[in-house]
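Dear colleague,

I am passing on the structure below, together with notes on what turned up in it. Please read them with the structure open beside you.

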Amino acid sequence: MPPEAVSRPKPKMPHAQNNFTDLPKPVVPKTENRKLLRGQKAIVTGASSGIGRSIALALGHAGADVCINYVAGEDKAQAMVDELRGHGHTAFAYRADVSNEDDVAKMFQSVRDEFGTVDILINNAGLQQDAPIDQMTLAQWNKVISVNLTGQFLCSREAIREFKRRGVRPEISCCAGKIICISSVHEVIPWAGHVNYAASKGGVMLMMKSMAQEVAPFRIRVNSIAPGAIRTPINMQAWDTPEHYNELLKLIPYKRIGEPEE
Ligand code: NAD
């Protein structure tokens, strides 16, 4: 039987609107669904929109049981649960602020109650609060650091405690657990006007590498993804008009930005 393909809707802004009409049209890939993650339990933070939403749906379609964490967009999180359950997958939505230690501990407890354990953590929740450095308030600085960096620390710590407690189940996975930190190209590329965001992602980079070094002997894998521009609510002002979109494409050799699944 041919593998079921995950369908991807058309992007909101057609690629034809870019200024590079002499280039081949970019094609958004279709991924084969091979249920590689059957039996694994995943938490995706900030999963009710954008990149987290796409990751959570992809993990679900790959056979993992998924906890869809959200802090806003309860209706969207619930619709994702319904969609995954409609395909015969297991999912539930859980409201928790990743920067709140108590919320994070309760979320992991709730996932243990629901699924028995956690195998995969996707540290995706993040935000921007931009301002020129001389106008940036301490509240803007603290908010971005606490969600983007401290949130990833709190969730990773809970996940690693669970991975170490449980150890490897060879019938499920060759490792005790996996963490993927969603960072940004701005972990290494300076970003004027966004010092809180760039500092948070630079922090994620070394936190991820240090955690990976520390927990590798326990068969725990820690990695990160550092995306360039992806069309999501976080950076809407960079693609919301054809002018902005074309300006952005000047920085991108491939001449398209990333398109999350709707
Ligand atoms: P998004 O705004 O669609 O998603 C961010 C999600 O995080 C939202 O659902 C939001 O509600 C959630 N969130 C915010 N604060 C939270 C909190 N305290 N607790 C739990 N959830 C919280 O934007 P996105 O682009 O999908 O961003 C996802 C991740 O990707 C972020 O870490 C972002 O920094 C990173 N990223 C995005 C891009 C891009 O171009 N879109 C590029 C590089 C990195």
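Where is Ser184 found? Ser184 is in the loop that lies between strand 5 (177-182) and helix 5, where strands (E, at least two residues) and helices (H or I, at least four) are DSSP runs numbered from the N terminus. Please bear in mind that this is a predicted model, in which local features need pLDDT of at least 70 and side-chain atom pairs count only at pLDDT 80 or more, whereas totals for chains, interfaces and linings use all residues. Residues are numbered from 1 along each chain as its sequence is written, and side-chain values use heavy atoms, with hydrogens and water left out.

Ser184 counts as buried because its relative accessibility is 4%, the cut-off being under 20% relative accessible area with a 1.4 Å probe and protein chains only. A polar atom of the Ser184 side chain lies 2.9 Å from the backbone nitrogen of His186.

Turning to the ligand, 28 residues surround it, the closest being Ile51, Asp97, Tyr197, Ile230 and Thr232 (a residue counts if one of its heavy atoms lies within 4 Å). This shell divides into 14 nonpolar, twelve polar and two charged residues, with Gly counted among the polar ones.

Lys201 places a polar side-chain atom 2.9 Å from an oxygen atom of the ligand, while a backbone N or O atom of Val98 lies 3.0 Å from a ligand nitrogen atom; a polar contact is a pair of N or O atoms within 3.5 Å. The elements that give two or more residues to the shell around the ligand are helix 1 (50-61) and helix 5 (195-215).

Note on methods: Polar contact = N/O pair within 3.5 Å; in protein donor to acceptor, adjacent residues only side chain to side chain. Buried < 20%, exposed > 50% of the residue type's maximum accessible area, 1.4 Å probe, protein only.
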